[in-house]
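Here is a short briefing on one predicted model. Please look over the sequence and the structure before reading on.

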Amino acid sequence: MSATVLVVEDELAIQALISYNLRNAGLVALCANSAEQAVSMVNNVLPDLVLLDWGLPNMSGIEFARILRRETRTKSVPIIMLTARDEENDKIFGLEVGADDYITKPFSPRELIARIKAVLRRRLPEISEEIIVAGGLKLDPITHRVSAYVDGSLSKSIEVILGPTEFRLLHFLMAHTERVHSRTQLLDRVWGDHVFVEDRTVDVHIRRLRKALEVSGKDSLVQTVRGAGYRLSVESMENAE
Ligand code: CA
């Protein structure tokens with residue numbers, strides 16, 4: 001599981017301990033010493049999860065969580081609150097802001113990593129290493145292989161050859177079927193960059209993905225929703241059969 005975790009923590013010793021453990025667990029760690037710094041980092045790169053200290057100088061962790069929840073682009077980023085407080089009221093307050101989990105200091109690094117991974121598995125299925133089957137396609141994140149079942153048979157399949165970007169794009173679409181994703185959302189979640197990559201890039205890779213799927217007749221799963229973006233629809237496929 002290779003996901004980017006933004007650690008917002010003003011105590012540098014704790015920040016170093018957390019980022020060390022994240023990297024050991026195969027995760028990418030970005031660190032911010034303040035909520036203000038975190039705001040500008042999130043503007044550039046959308047992290048897969050935010051590990052957020054409650055007590056920060058100037059802007060508090062709660063205020064930063066509110067900012068994330070207010071914006072369309074950041075509102076669904078998973079948040080784990082990290083705090084020295086362990087009173088029930090604070091916990092409820094943290095959950096009301098929309099935190100996915102709540103960890104009290106001092107914490108065990110092993111437990112912290114386990115809880116981060118649990119939230120990532122639940123909220124971001126496209127970064128998990130589990131095999132996904134949808135619409136007659138089977139995608140294996142570990143071997144990086146995609147196969148398409150032929151004639152509705154599970155025994156007969158052909159391999160679909162994809163470039164790395166098309167593979168990530170298909171992985172994301174298969175993990176979130178039926179939902180429409182805007183170009184900006186796809187840039188954030190598949191490319192990890194909505195600022196420097198042009199919207200048109202998405203169209204180019206969608207076209208390549210469809211082309212690669214043509215041999216298996218599965219290209220029609222990838223649908224264009226005018227004025228909104230793209231989706232992978234399994235339902236239309238089932239209806240057609
Ligand atoms: Ca603190």
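The notes below cover the domains, the contact between them, the metal site and some backbone details.

This is a predicted model, in which local features need pLDDT of at least 70, side-chain atom pairs count only at pLDDT 80 or more, and totals for chains, interfaces and linings use all residues. Residues are numbered from 1 along each chain as its sequence is written, and side-chain values use heavy atoms, with hydrogens and water left out. The protein chain is assigned domain 1 (4-123) and domain 2 (132-240); such bounds come from an automatic or database domain assignment.

**Domain contact**

- The centres of domain 1 and domain 2, taken over C-alpha atoms, are 31 Å apart.
- Five residues from domain 1 and five residues from domain 2 make the contact, where contact means heavy atoms within 4.5 Å.
- Domain 1 and domain 2 bury about 500 Å² between them, and carbon and sulfur atoms give 42% of that area. Buried area is the accessible area (1.4 Å probe) that two parts lose on being put together, summed over both.
- On the domain 1 side, Asn44, Leu46 and Arg73 lose the most area to domain 2, together 64% of what that side buries.

- One salt bridge is counted between domain 1 and domain 2. The term means a side-chain nitrogen of Lys or Arg within 4 Å of a carboxyl oxygen of Asp or Glu.
- Arginine 73 and aspartate 188 meet through their side chains in a salt bridge, at 2.6 Å from N to O.
- The side of domain 1 that touches domain 2 has two nonpolar, two polar and one charged residue. Here Ala, Val, Leu, Ile, Met, Phe, Trp, Tyr, Cys and Pro count as nonpolar, Asp, Glu, Lys and Arg as charged, and the others, Gly among them, as polar.

**Calcium site**

- Asp10 (OD), Asp53 (OD) and Gly55 (O) are the protein donors of the calcium ion, at 2.1 to 2.4 Å from it. Donors are N, O and S atoms within 2.8 Å of the metal (3.2 Å for Na, K and Ca); water is not among the atoms, so sites may look incomplete.
- Aspartate 10 sits in the loop between strand E1 (4-8) and helix H1 (12-24), and aspartate 53 in strand E3 (residues 49-53), so the pair ties together parts that are 43 residues apart in sequence. Helices (H or I, at least four residues) and strands (E, at least two) are DSSP runs, numbered from the N terminus.
- Aspartate 53 also forms a side-chain salt bridge with lysine 105, at 3.2 Å from N to O. Lysine 105 lies in the loop between strand E5 (101-104) and helix H5 (109-123), 52 residues from aspartate 53.

**Backbone details**

- Lysine 105 and proline 106 are joined by a cis peptide bond, with omega about -5°.
- Histidine 144 is not a glycine, yet has a positive phi of about 60°. Histidine 144 is in the loop between strand E7 (137-140) and strand E8 (145-149).
- Glutamate 178 has a positive phi near 75°. Glutamate 178 is in the loop between helix H6 (164-175) and helix H7 (183-191).
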